[in-house]
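Please examine the sequence and the model displayed here. The questions concern its overall make-up and some local features.

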Amino acid sequence: FWLKGCLKDTAAMGVLGSVVKILLLHVVVVVGLLGYELYFLVTGHSKYPGAAEDPEFKMNAAQFTEVGDASVIKLRQIPRPACCSDTQILVKVLSAAINPVDFKQRRNPNPEQMVPLPKVTGYDFAGTVEKIGTNVRSFRDGDAVYGMLPLMGQRWGAVQEYVVVDHSIVAHAPKSIPLREAAALPLVGLTVVQSFEPVVKVWRSNPIEQQRKVLIQAGAGGVGTFGIQYAAQILNASVATTASAKKSGIVKDLGASVVVNYREQKFEEVLTDYDAVLDVVTQEYEERTLASAVLKPGGKGHYINVLSTDWKENDRESSVVFALAPFLKKWVYWALALSGRGVHYHCNPVAPSGEGLRHIADWVDAGLVKPIIDRSFEMSETAKAHEYLETGRATGKVLIDVSQ
């Protein structure tokens, strides 16, 4: 009996040891994948360090020194950024645009390394070059330019009279539209283009005779209005979108051939067999999309999570688990799709890119895409602009007029 007991204990310990090894292996894999994803997320922005302050010159800026509602944004006089390192340029900002990331950073505590305080709001800008670094060859004083500042690690923002930025993440503004309108393009344009990059790569390696079908969720929003145009004009896809009846005409004019009134219909009940879905309403639509027949099965469909959260303030905005979950889902779905099951899952964070902005400017000048602007606010009204954007009612983008 004693021997049998020892054998049973030994066998039990062996099983337990195997289970522990498997669990540890899973932990190592998860940590490794998250580390890989976070590396590219952080380096996409941190490789463009912010400029130092130049106390000799002052400028106006819409800045907040603490997190909270829109009232924390104040118009202040702050030192100008110092110009310039060898690869930087000084831009006098004409206009800026705000995006959901701006009010989400403003209303939630963030690690100092990611969103240091005090912080100037805004990332999209358009303006003219006033000075260039010694190694800059692609720009000259007086050039009209536009760009997106890095989303992490800097106190500077776009709603300030001057920005200093690395020349590699700026591009000449489109010539066919007023310069101030170019500020409506960078973040939403780069979000759409970069989100579709892995999808387009697969499509090019596996061409089909039929026209691709793409669903753009929330088609009347900032990302949605650009996404419809990109899918229809650049990808030559048949585009469906979700929008209210009031905004159906706008999204049809942009290129959507199918419009689902989300207030009266469930998109998953009327749309099937789509090649890709670009989703900016993931908190509501992801589960419904992946549990339905909206996307082509068998590893052929592509679900694109643009890493957004609800417009209304919610716990998910500050949840580390919610922020990291899409990166793990991406690899799980990748393994399934590789074996011919499920769908592909994508979640590429947007990063500054001068090359991407050059493509967008070319498309604008060719008449293929255009900025959709809801309204503009004066720089002194930046807090009101935040409040308006937070309602979720804007059609396209909201601009801030920074200078004349």
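This is a predicted model: local features need pLDDT of at least 70, side-chain atom pairs count only at pLDDT 80 or more; totals for chains, interfaces and linings use all residues.

Residues are numbered from 1 along each chain as its sequence is written, and side-chain values use heavy atoms, with hydrogens and water left out.

Q: How many helices and strands are in the protein chain?
A: Both kinds of element are DSSP runs numbered from the N terminus: helices are H or I with at least four residues, and strands are E with at least two. On that basis the protein chain holds 10 helices and 16 strands.

Q: What percentage of the residues of the protein chain count as buried?
A: Relative accessible area, taken with a 1.4 Å probe and protein chains only, decides the class: buried is under 20%, exposed over 50%, and partly exposed lies in between. Among the 404 residues of the protein chain, the buried share is 50%.

Q: Which strands are at the edges of the open three-stranded sheet?
A: Two strands count as paired if DSSP finds at least two bridges between them. The sheet has the order β2-β1-β4, with antiparallel pairing. Strand β1 (residues 53-64) is joined to β4 by two bridges, and Gln63 stands opposite Val120 in β4. Pairing on one side only marks the edge strands, β2 (74-81) and β4 (119-120).

Q: Which elements do the buried residues of α9 pack against?
A: Helix α9 (residues 354-365) has 12 residues and reaches 16 Å from its first C-alpha to its last; the expected span is 1.5 Å times one less than the number of residues, and the reach is close to the 16 Å expected. Its buried residues are Gly354, Gly356, Leu357, Ile360, Ala361, Trp363 and Val364. With contact meaning heavy atoms within 4.5 Å, these buried residues pack against β6 (144-148), β8 (170-172), α3 (186-205) and α4 (222-234).

Q: Which residue just after α9 takes a positive phi?
A: The phi angle there is about 80 degrees, and the residue is Gly367.

Q: Is Ile89 buried or exposed?
A: Ile89 is found in strand β3 (residues 88-98). Not counting residues up to four places away in sequence, Ile89 touches residues including Cys83, Val129, Phe139 and Val170. Because its relative accessibility is 0%, Ile89 counts as buried.
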